[in-house]
Amino acid sequence: MERYICIHGHFYQPPRENPWLEVIEQQDEAHPYHDWNEKITAECYAPNLTSRILDQEGRIEKIINNYARISFNFGPTLLSWLEVNEPEVYGAIVEADRQSQQFYSGHGSALAQAYNHMILPLANRRDKYTQILWGIRDFQYRFGRDPEGMWLPETAVDLDSLEILAELGIRFTILAPRQALRVRQLHGGEWVDVGRERIDPTMAYTLRLPSGRTIAIFFYHGPMSRAVAFEKVLKDGEAFARRLLDGFSDERDWPQLTHIATDGETYGHHHRFGDMALAFALNYIETKELARLTNYGEYLALHPPTHEVEILENSSWSCSHGVERWRSDCGCHTSGHSEWNQAWRVPLRESLDWLRDATTADFENKARELLHDPWSARNDYVEVVLDRSTAAMDAFLAKHARRSFSDTDTVTVLKLMELQRHGMLMYTSCGWFFDDLTGIETVQIMSYAARCLQLAQEVFGNNLESHFLEILGRAKSNCTQFGNGRQIYEQLVQPLVFDLAKVGVHYGAGGLFNDYPEQAKIYCYTAEKHDHQSYETGTARLILGKTRITSDITRESSLFGYGVLHLGNHNLTVGIREFSNHSSYEEATKELATAFASADLTQTIRVLDRTFSGSTYNLKSLFPDEQRKILELVLQMPLEEAEAAYRQLYEHHGPLLRFLKEASGPPPKALYTAAEFVLNADLQRAFEDEELNLARIEHLLREARLEGISLETTSLEFGFRKTLERLAEQLAADPSDLIMLQKLKDATTLLSRLPFQVDVWKVQNICYEMLQTVYEEYQVGAQEGHEEAKAWLGHFDTIAQNLTVRV
């Protein structure tokens, strides 16, 4: 009897974008990466595209794309981030689905997902429908085909959600074994109780829905999936493969499917090198013909269900209490804080439910003035979310508008749609999943609620915030310094809220350090330069100008005049306002320029305050990422002065440090700090230098070792890794460049002599790709006696050896 194996990975990150900027701002916890998405991409999403299979000597023998051989789904909001920030990874994931269709009888391995991971059984029917529809439309846009299956967030399920899936053409979904209640043969027979994970997971089942429609259900192997996710199965690829094969039984007389489902991040992020264990297991099973790899679509087509099933509604894979983890203090949590509680989940959901319901009637009434069908328009708005071009926006408006729109009408409609989008984003499941109200995921969904409140105020004139905060205030944090949900919102969310004027502040301050073109992109805004004047006196600078700021999301637009006074270091003041006419703007700028030209900075400050009364900002008011960039420039001189002082101290007393180290005496903190600062700074520069000086690097490393200096290995590794990648990319662009080949050989030779490990994943990929493409050409040349080809092979073989790539 045939045996099939399918491994499903649920690849997902919660949306982390600032609701006003549509980008993820820097997250320090992810250092040295910019944010968690970037970090997890480097640890998991990218490695699974080029996963290594090693030979017995630990050298890379083969590199494979895991996605093409498994079943997978990516959250739409994560794919949206990858498309912009990691286009190569994004493109390879899409290509993997095309490859899988060749392997699996025309059935692609990618599944759709409900849009932003909302817990569907807890949603109202409109939100369920839109979430599922948006997930399908997003999938069609990215993968160029209709999805056969859909992943339900947290596998949280009810019959109503499955009805919508079936209505919209989804053929199957995947559930946990504990979500099955009873089964029977498809054409009648006695129902058999399979609760408490007793269902046989080796076949597909049919679920008959109240409407008369049907949908296929796969129940993954529970114990095996938990072992992969939470135990040490991925330490050994062959053991992983054997564990999968243990799912078969000679007692079964049907084509058996052993399949598991885990978070995709299991393979690389949660378990380092988990992607390699996955690659080895897939290759091991396939090459030894121990079972046939498949995906759900292919298996369902080859072996339709012979049994039907009834499910446990309002259940999920990550909460043993059903779906209570997302609305009550059920006892499910993630940390070791046994004294904490999650009672805050109740008022958090109540506050969001109230906000959703409080805006619904106003949304319908306002939207009906402008649109044929407000809810149909919301369903189609995903086309604009996927393509923010003017053409896409115009097509959307043309389809749904009741009449010809003014600019104001257009802004109103787009704000209504954004209110609805953020009204769904605020239900992203991760907001309830973790242990406390102060978690970044919970603060994130509060920020989506804040955007809803702002849009409701602008469009309807309704101030809903006070009542929303009254409910939210009932949510008590386990962290006493924050108190409750209201205080968290006021401290962590309200400072994020801004309008077009704040974008103008950012633009004005940026003018100190950037020469903006006539039109500049400021995140999801466009700034059009109308006037720009720059003055200097001593170390002080004054920037005056006028700019039109337009939201690329809502098309809202305003013309601002601004003044920026920089007195050096962090002393920065920005004033901004709308001027009633150009002459009043000219009068104000003339007065400011005159005061500044007289070198009377006190008077300049007075005029700035008077001109922009109530609308002045400082460096803290800028967007965090740009604030950091400006601070880096501001800090450049003080840091250079500090380094010079440390360097002088170190150069005078370095030998004393070495003596103290040898004499086992503790070095004075001041001397140790100076040495630590200087050596790490010098190494960082040396690792990032365009021309690597290997002798200097080895000298600095020896000095650090002799003096007992701790190295900042995270930053040093990251810097050297990027240098290696730059060299490898330059070589890949011109493989015949012997000078670059020599540089890369020398750089990789250093790897074995470093006191820390360097992630050479990308460099190995480039080396392996060259081995498959250009290596043979040089082999032929060497055999024909060409000295240059022989030299090339010698250098390349050394590089491959240094990178543990088998030639």
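Helix 10 and helix 17 cross in a right-handed way (the near helix is turned clockwise from the far one by less than a right angle). Helices are DSSP runs of H or I with at least four residues, and strands are E runs of at least two, numbered from the N terminus.

Helix 10 brings Pro347, Leu348, Glu350, Ser351, Leu352, Trp354 and Leu355 to this contact, and helix 17 brings His467, Phe468, Ile471 and Leu472 (contact means heavy atoms within 4.5 Å).

The model is predicted: local features need pLDDT of at least 70 and side-chain atom pairs 80 or more, while totals for chains, interfaces and linings use all residues. Residues are numbered from 1 along each chain as its sequence is written, and side-chain values use heavy atoms, leaving out hydrogens and water.

Now for a loop residue. Asn116 sits between strand 5 (110–113) and helix 4. With 1% relative accessibility, Asn116 counts as buried (under 20% relative accessible area, with a 1.4 Å probe and protein chains only). Leaving aside residues up to four places away in sequence, Asn116 touches Tyr12, Thr77, Gln131, Met424, Leu425, Tyr427 and Thr428.

Terms used. Buried means under 20% relative accessible area, exposed over 50%, partly exposed in between (1.4 Å probe, protein chains only).
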